[in-house]
Amino acid sequence: MPKARQPHRIPGWTGWALAFAPAGWVTGTAVQIGQPALWGAGAYAALAAIGGVLAGVAWLARRGSGRTSLAALGLGAALLAFAVAGLRAGMMADNRIASALEGRDLLVTGVIDRMPARGADDWRFPLTVRQARLLEPSGRPGAAVRLPARVLVSWYAHGYGRANVGPDGADNAAEDESLAPSSPLVAGQRWRFALRLKAPHGNRNPHGFDTELWLWEQGVGATGYVRTGTKTGSVTPQLLAPASGHWIECARQWTRERIAAYSMAGDAAVQRRAGIVTALVTGEQSAITAEDWTLFRIAGVAHLVIISGLHITMFAWLASAALGGLWRWLARRSSPLRRNAALWLPAPVAARVGGFVCALLYALFSGWGV
């Protein structure tokens, strides 16, 4: 009697799976990005379910037909990635401000959810919207409206300028005088503003910075500015609640302010260097002057100022070396009456764990922009 054919097994299936799954995920994401139009949420949900079933079946059948299970795993990962990218794109598309609300005066209540960036004559910060209403010319709140969950707001100290042209073509700059806040803006504060918003957009500069894509990545569905002029009636910006929570962002802002206060005692060169130090420590780049950015671009080192994986890796390496040396020093200093730390956790392991934790904290403190 002939022997039954045994299924082909691949040695080290898990190792192959670690190659097939990411490859399928990248392929699915790339295919979705090339879609000319988004599908409905139901279609993406169905594809996600099929992809999850395929991946689960491939994992259960890994001890049987190796090649078939690997192919199913890659296809399942591709379908999952395609569906997740499509669902997120659809959610972001629905998060944009309605065209009927662009250029209208709105009374918005929200929380500053990131460290505000301070320019020469303005503040710029993302705002998590809690409530929004139309604002009547008399300054009275009108009907409730739906805004994107997150908007990017600018608060100008000396007016919005001639860029604010109304629907009738008239220049409303004189009516848009926007006084700066009397106290520094801090992440976690809850404010009520009169805002004028518009849909995010950027300039079509080939090979230049894609502002609209950056706003998309940040979850920003509208951009605008604070209005405190005569056209908003008696509405003035009002601080409803002090900063609460957001302790990482508050720590970043406190560090930035301390560096700025220290540099104020020096000359212009010291202040320019303080802007670079602020960018490397907190990830905030607004303090870097335009002259320095031009110099960095000409020298080809602009990427070194932006917090990247290189910075995180170097910080992790330095932290690992320092913690490993400290762990060995503690082991040498221990006495028979005290427990040796190196016997509980070897120095190389302590260095790796400590370096990872320090790198994670640095990534969080620098704004998680990696």
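Tutor: Buried means under 20% relative accessible area, and exposed means over 50%. Keep those cut-offs in mind for this predicted model.

Student: Which residues of helix 2 are buried?

Tutor: Y44, L47, G51, A55 and A58 are the buried ones.

Student: What puts them on the same side of helix 2?

Tutor: Their arc around the axis is only 70 degrees, so they share one side of helix 2. The other side has G42, V53 and L60, which are exposed.

Student: What span should helix 1 have?

Tutor: Helix 1 has 21 residues, 13-33, and should span 30 Å. Its end C-alpha atoms are 30 Å apart, so the two values agree.

Student: Which residues of helix 1 are buried?

Tutor: W13, A17, G24, G28 and Q32. They cover an arc of only 60 degrees around the axis, so they lie on the same side of helix 1. The face turned away from that buried side carries L18, V26 and I33, which are exposed.

Student: Why is L360 called partly exposed?

Tutor: Its relative accessible area is 35%.

Student: Where does L360 lie?

Tutor: In helix 11, residues 347-365.

Conventions. Residues are numbered from 1 along each chain as its sequence is written. This is a predicted model: local features need pLDDT of at least 70, side-chain atom pairs count only at pLDDT 80 or more; totals for chains, interfaces and linings use all residues. Side-chain values use heavy atoms; hydrogens and water are left out. Helices (H or I, at least four residues) and strands (E, at least two) are DSSP runs, numbered from the N terminus. The expected span of a helix is 1.5 Å times one less than its number of residues. Buried means under 20% relative accessible area, exposed over 50%, partly exposed in between (1.4 Å probe, protein chains only). The arc is that of the directions from the helix axis to the C-beta atoms.
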